[in-house]
Amino acid sequence: MGLPAFGTTLVASASVLTTARHHNPKYNQVQNQLWDYYYRLEEFSAAVNWKSNALSRVRLLAAEYIPGGDEPLPIPDGPAADAVARLAGGIGGQAQLMKLMGIHYNVPGEGWLVGQTSVDGEELWAVYSADELKIREGVYQLKVGESNNAWMPLGPDTMVVRFWRPDERFSYRAASNASHALGAMGELDLINKRIIAETVSRLASNGILLYDRGKLSFPQLPNPGGVEGQDPFAQVLVEVGSRGIKDPMSAEAALKLPVGVDLGDATDTKLADVMMTLDLSNPIDDKLITNRESAIRRLATALDLPSDLLLGVSGMNHWGAAQVEESGIKLHIAPDAEMICHALTKGYLTPMLQAEGERQGEDLLIGPNGGRIVMWYDPSEIVQRPDKSMAADEAYDRMEINGIAYRREKGFSESDAPTEEELEEMAEKLRLRAQASAVQVQETIAEADEPDRTETTETTQGSENPDSPGATEPGDA
């Protein structure tokens with residue numbers, strides 16, 4: 001995995017905003033439409049939430065970027081590691097920060113990271129949208145309520161960082177990958193509305209109930225005269241039906257629409273002649289379901305995520321599903337994680353290290369190997385690799401791989417590597433264990449030889465005793 005955010009990317013995707021250089025947050029029509037689809041179209045929101053939830057499991061760390069290297073080298077301790085650990089209050093706050101930044105990257109394509117200092121000196125970091133920030137008289141204001149006047153000016157020590165996904169044509173504009181799927185989302189939205197309309201409509205679902213007003217009535221109810229007067233029987237059914245609309249799970253929701261007709265005064269009329277039903281229901285067309293599946297396929301292809309996420313992994317075994325998961329992490333999660341790390345490096349880590357370096361009188365932006373200090377990430381919690389633990393054991397015992405590769409294949413991070421003190425303690429334990437094993441081996445050998453020595457002694461004593469029955473005189477053969 002390369003480092004495009006720091007190595008080859010020439011277009012900035014994050015900037016620290018000041019009172020002299022500010023950017024008034026405002027969405028365009030496409031961004032507002034994408035937010036609308038995010039709240040109404042569950043397929044789109046599911047895709048965005050999948051990526052943001054995966055990003056929330058990525059752990060941030062300080063690293064040193066050396067030009068020409070594969071990946072930045074993690075820095076376990078020092079001012080940079082302390083600054084990363086302090087961001088957003090630790091792992092819990094950083095997980096929420098990564099999730100929100102992922103949502104803003106994938107819906108409108110931009111967001112604003114705001115850092116403030118509380119009254120007790122605690123650093124507070126949060127992600128806001130363009131609807132929550134505005135500039136008035138050169139000062140950023142934050143929306144804190146629903147009323148038009150619920151705006152709070154931010155203090156002079158507040159840091160505002162705009163992060164965005166650069167447009168391919170105009171790099172200063174924000175672009176969302178989801179904008180390429182607007183056609184599929186619009187089609188899917190229309191199909192969903194059509195299905196809902198045919199399901200909810202009482203006239204299409206329940207049909208019409210025809211009855212003879214002369215023979216089915218409630219005379220005890222007031223019945224206004226005239227042609228415009230409502231029949232008491234219809235009045236009762238409509239009242240019951242209205243209660244069914246308020247509660248769709250009740251029995252009243254299945255009532256048909258009553259329509260009264262006059263059949264005359266025939267006395268031999270049967271019940272079937274005074275009441276009948278007309279079925280006007282229009283079942284959902286199979287073509288409509290097919291079109292919906294086609295729109296979902298188009299959406300899954302256009303969005304920046306594994307298509308099997310929306311289409312399902314049916315027909316695949318668990319190994320195939322794991323491979324799709326791993327490829328999705330590499331192709332869709334890693335680029336977003338690198339962009340977030342670039343934004344946090346430029347908007348948080350670099351200013352923090354510059355301020356700390358000025359206080360200490362040294363350059364804290366250079367690592368121990370001469371490279372730049374950057375924000376990086378550890379995806380070990382979400383990456384699913386093939387199980388190579390047994391092969392790693394054999395290769396490590398044969399001294400063919402180092403400890404970093406061994407920990408990676410065993411599922412551990414570099415923070416789990418033992419320190420010098422821990423290595424000395426482990427060596428002492430191994431020495432004591434070896435001594436105990438050697439003593440145990442000597443005792444086992446001594447116990448195994450003891451019966452032979454006892455038998456040899458008894459035999460020798462018997463041959464030397466002249467009274468022994470087995471004793472012989474010298475010269476006896």
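Trainee: In β3, which residue is the bridge partner of Glu64?

Mentor: Leu73 in β3 is the bridge partner of Glu64. A word on the source: this is a predicted model, where local features need pLDDT of at least 70 and side-chain atom pairs count only at pLDDT 80 or more, while totals for chains, interfaces and linings use all residues. Residues are numbered from 1 along each chain as its sequence is written, and side-chain values use heavy atoms, leaving out hydrogens and water.

Trainee: What makes β2 and β3 paired strands?

Mentor: Strands are DSSP runs of E, at least two residues; helices are runs of H or I, at least four; both are numbered from the N terminus. Two strands pair if DSSP finds at least two bridges between them. β2 and β3 (residues 73-74) have two bridges, in the antiparallel sense, so they pair.

Trainee: How many bridges link β2 and β13?

Mentor: Seven, again antiparallel, with β13 spanning residues 372-378. Ala62 stands opposite Met375 in β13. The three strands form an open sheet in the order β3-β2-β13. Its edge strands are β3 and β13, as each pairs on one side only.

Trainee: Which helix packs on this sheet?

Mentor: α3 does, touching β2 and β13. Contact means heavy atoms within 4.5 Å. The direction of α3 makes about 155° with that of β2. Such angles run from 0 to 180 degrees between N-to-C directions, and the axes are lines fitted to C-alpha atoms, for helices over the stretch in contact.

Trainee: Why is β2 called largely enclosed?

Mentor: Buried means under 20% relative accessible area, exposed over 50%, and partly exposed in between (1.4 Å probe, protein chains only). Six of the seven residues of β2 (residues 59-65) are buried, so the rest of the structure largely encloses this strand.

Trainee: Which residues of α3 are buried?

Mentor: In α3 (residues 79-86), they are Ala80, Ala81, Ala83 and Val84. They cover an arc of only 160° around the axis, so they lie on the same side of α3. That arc is taken from the directions from the helix axis to the C-beta atoms.

Trainee: How do you know that Glu137 is exposed?

Mentor: The relative accessible area of Glu137 is 78%. That is over 50%, so Glu137 counts as exposed. Glu137 sits in the loop between β6 (133-136) and β7 (139-143).

Trainee: What is the phi of Glu137?

Mentor: Near 55°, a positive value in a residue other than glycine. Most residues other than glycine have a negative phi. Met399 also has a positive phi, near 60°. Met399 is exposed at 73%.
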